[in-house]
Amino acid sequence: MHIVLVGMMGVGKSTIGKELSKSLDIPFLDIDDLIEKSESKTISKIFEQSGESYFRKREMEITLKALMQENKAIISTGGGAIMNKVIRNNILNRSISVWLKLDTSSIMSRIGKNNKRPLILQNTKVEIEKILEDRLIYYAMAQIHIECKGKNIKNCANQIIKEIGTGSYGNVFQI
Ligand code: S3P
């Protein structure tokens, strides 16, 4: 089974995913990177030139392709992918899903000023919380919830490994 990381922009899905990949020796797939490579453009450029709906269509195709692949992977999804019902059902049915939780102020400082995310224009508390409000119920459907506040990357990754090990997910490390 894949391990799929979900959660808001800026929570550290990619960095924690890479750490997990190293620790578990399972390949890492970053959906945002795969979208950028497939279009030979940054996410911002895709939004700017083709619009959000085109981006969401590509996000669905690429995320589903990653989820369908046989070889087990650690998959970092884009923060908005969970809003798509097809993606969501596939994540929930085909993987061990992990929600990385972080408070708004920490998200704001992680996103910072040099923001490559087209949905974050001001990087204010109001803006982040407005996006989060619609997504919370879906993130919360993930099997494992990890509070990342006050933890470094290694600690978050270790906690995920521990939770997977103690949960009833079968022996995922050997599948
Ligand atoms: C988005 C999150 C981004 C990227 C795009 C849209 C979102 O990914 O897919 O900018 O809707 O939350 P990260 O969560 O990896 O930043």
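# A guided tour of the predicted model

Begin by selecting helix α2 (residues 31-39) together with helix α4 (residues 52-68): the two pack with their axes 10 Å apart, at an angle of about 115 degrees. The model shown here is predicted. With the view set on this pair, α2 and α4 can be described as roughly perpendicular to each other, and their crossing is right-handed.

Next, display the side chains at this crossing. From α2, select I31, D32, L34, I35, S38 and E39; these meet Y54, F55, R58, E59, I62, T63 and A66 of α4.

**Second stop: N90**

Proceed to helix α5, which spans residues 85-94, and select N90 within this helix. Is N90 buried or exposed? Its relative accessibility is 14%, and because buried means under 20%, N90 counts as buried.

Now move to the loop that runs between β4 (95-101) and α6 (104-111), where D103 is found. D103 has a relative accessible area of 22% and is partly exposed. Show its side chain together with that of S106: the two side chains make a polar contact at 2.6 Å. Although D103 and V11 are 92 residues apart along the chain, their C-alpha atoms are separated by 8.8 Å.

Finally, select C148 and C156 and display their sulfur atoms. Which cysteine sulfur is closest to that of C148, and how far away is it? The closest one belongs to C156, at 3.4 Å, which is too far for a bond. The cut-off matters at this step, because a disulfide requires the two sulfur atoms to lie within 2.5 Å.

C148 has a relative accessible area of 4% and is buried. C156, at 2% relative accessibility, also counts as buried.

Note on methods:
Residues are numbered from 1 along each chain as its sequence is written. This is a predicted model: local features need pLDDT of at least 70, side-chain atom pairs count only at pLDDT 80 or more; totals for chains, interfaces and linings use all residues. Side-chain values use heavy atoms; hydrogens and water are left out. Helices (H or I, at least four residues) and strands (E, at least two) are DSSP runs, numbered from the N terminus. Buried means under 20% relative accessible area, exposed over 50%, partly exposed in between (1.4 Å probe, protein chains only). A polar contact is a pair of N or O atoms within 3.5 Å; within protein, one must be able to donate a hydrogen and the other to accept it, and residues adjacent in sequence count only if both atoms are side-chain atoms. Axes are lines fitted to C-alpha atoms, for helices over the stretch in contact, and angles run from 0 to 180 degrees between N-to-C directions. Angles under 35 degrees count as roughly parallel, over 145 as roughly antiparallel, 65 to 115 as roughly perpendicular and the rest as oblique. A crossing is left-handed if the near helix is turned anticlockwise from the far one by less than a right angle, and right-handed if clockwise. Contact means heavy atoms within 4.5 Å.
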